Amino acid sequence: MKFAITTEKVKESRISQLDPNNIGFGKVFTDHMFLADYENGEWINPRIVPYGPMSLSPATSAIHYGQAIFEGMKVFASSKNDHDIVMFRPTDNAKRLNKSAARLAMPEVPEDLFMAGLTQLLELDRQWVPRVEGGALYVRPYMFATDDFIGVKPSERYCFAIFCCPVGPYYNKALRVKVEEEYSRAAPGGVGFTKCAGNYAAAMYPTALAQKEGFDQVLWTDPIEHKFVEETGTTNFFAVLNDKIVTPSLTHTMLAGITRDSVVQSLRHLGHEVEERPLSVNELKEHLSAGNLKELFITGTAATLINLDGFGHDGQYYEVQKNGDNTISTEVKKFLDDIKLQHSDDVFSWNVVI
Ligand SMILES: Cc1ncc(COP(=O)(O)O)c(C=O)c1O
């Protein structure tokens with residue numbers, strides 16, 4: 001399918017307002033955004049316009065009934081060529097968006113529309129991809145219901161949009177997480193495996209409580225017994241038990257992270273043994289006291305790969321860092337960074353260079 005995307009350029013770029021050494025996260029937006037509308041069963045009017053406010057009806061369905069899904073991906077400045085920028089696994093984000101769409105009774109976005117909108121937007125705003133260490137362009141594709149109608153039913157109209165933010169590191173220290181045993185972010189049969197807006201709303205109150213107790217994030221456990229570790233609010237979870245790496249097997253209540261998959265494939269490529277299986281909090285504590293728990297780390301597009309300082313459980317804090325020197329997490333982070341920045345061969349063909 002071919003889509004004729006129209007372009008309305010900004011009169012003057014805002015790029016001179018960007019301080020590449022002090023970018024922060026999610027506060028600065030590039031000059032343009034991509035929009036497409038869904039009406040009468042088809043995607044129409046794909047267009048690139050200046051980034052700016054949208055006009056919405058107060059009855060907009062997404063605000064009331066929550067048909068809103070999103071993705072997060074990153075684009076990097078190539079170290080090989082000053083002009084090139086590198087999208088990391090963008091079609092996996094397109095596929096995951098469509099998994100979310102199906103569960104929320106929303107229309108799918110054809111992968112070629114997703115990629116055409118994304119590529120043309122990036123071609124226009126490529127100078128916004130930061131060329132500083134730890135910098136990237138964070139890309140936010142999303143879709144929401146636009147019917148102005150009161151009544152619970154799937155909307156007939158939708159907006160698919162993409163905007164971009166130059167970003168620096170999301171976290172810059174080892175994190176303290178609280179093992180959550182009271183609240184759940186998702187339930188079996190629910191929408192935990194999707195990237196829908198409501199999942200993040202459900203996590204905010206428990207996360208705020210954990211932060212009041214001095215933690216950075218919540219480590220969610222399974223919603224039935226609260227015994228098995230699942231993921232944090234925005235990342236997947238890994239433990240290094242001696243020389244073996246364990247990550248919780250994916251369940252219906254967890255998001256299948258693209259970084260998680262990249263880390264698993266990279267670790268195996270580097271010759272490490274990786275187990276995807278249920279991992280209980282008790283097992284973590286037993287390995288810690290036996291001296292086998294060498295590293296804990298979390299992975300996500302925004303956070304990249306961050307080590308955990310330790311975890312809180314049952315009113316006690318379990319510090320992990322003292323047992324290990326993060327050898328494995330450092331190795332796999334470098335392996336992945338080298339691929340994204342084109343310092344090394346893209347052995348898995350993950351990069352799309354424009
Ligand atoms: C709940 C949750 N788990 C895991 C992840 C990590 O996913 P990815 O590596 O695709 O960014 C994210 C971020 O998207 C998330 O929001």
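Figure 1. The model is predicted: local features need pLDDT of at least 70, side-chain atom pairs count only at pLDDT 80 or more, and totals for chains, interfaces and linings use all residues. Residue numbers start from 1 along each chain as its sequence is written.

**Figure 2. Domain 1 meets domain 2.** Here 20 residues of domain 1 are in contact with 10 residues of domain 2. Contact means that the C-beta atoms of two residues, placed from the backbone, lie within 7 Å. On the domain 1 side, two or more residues each come from strand E4 (68-70), strand E5 (73-77), strand E6 (85-88) and helix H2 (90-103). Helices (H or I, at least four residues) and strands (E, at least two) are DSSP runs, numbered from the N terminus. H2 gives the most to this side, with six residues. By class, the side of domain 1 that touches domain 2 holds nine nonpolar, four polar and seven charged residues. Nonpolar covers Ala, Val, Leu, Ile, Met, Phe, Trp, Tyr, Cys and Pro; charged covers Asp, Glu, Lys and Arg; the others, Gly among them, are polar.

**Figure 3. The whole protein chain has seven helices and 18 strands.** Its radius of gyration is 21 Å, close to the 20 Å that the globule rule gives for 354 residues, so the chain is as compact as a globular protein of that length. The radius is taken over C-alpha atoms, and the rule is 2.2 Å times the number of residues to the power 0.38. The C-alpha atoms fill a box of roughly 60 × 50 × 35 Å along the principal axes. Of the 354 residues, 41% count as buried. Buried means 20 or more other C-beta atoms within 10 Å of a residue's own, exposed means 12 or fewer, and partly exposed lies in between, with C-beta atoms placed from the backbone. Among contacts with a separation of 6 or more, 71% join residues 24 or more positions apart.

**Figure 4. A shell of 13 residues surrounds the ligand.** The closest are Gly257, Ile258, Thr259, Gly300 and Thr301. Helix H5 (258-269) and strand E15 (293-300) each supply at least two residues of the shell. The largest share, three residues, comes from H5. The shell divides into two nonpolar, nine polar and two charged residues.

**Figure 5. Strand E3 (residues 42-50) pairs with E1 and E2.** Strands pair if DSSP finds at least two bridges between them. Strand E1 (residues 6-7) runs parallel to E3, joined by two bridges. Thr6 has Arg47 as its bridge partner in E3. Strand E2 (residues 32-39) is antiparallel to E3, over seven bridges. Phe34 has Ile48 as its bridge partner in E3. E2 and E3 form a hairpin with two residues between them. In the turn, Asn40 has a positive phi of about 50°.

**Figure 6. Ala105 and His226 have positive phi values.** Most residues other than glycine have a negative phi. Phi of Ala105 is near 55°. Ala105 sits in the loop between H2 and helix H3 (111-124). Ala105 counts as exposed because it has 11 C-beta neighbours inside 10 Å. Phi of His226 is about 55°. His226 lies in the loop between strand E10 (217-221) and strand E11 (229-232). With 15 C-beta neighbours inside 10 Å, His226 counts as partly exposed.

Technical notes
Near = placed C-beta within 6 Å.
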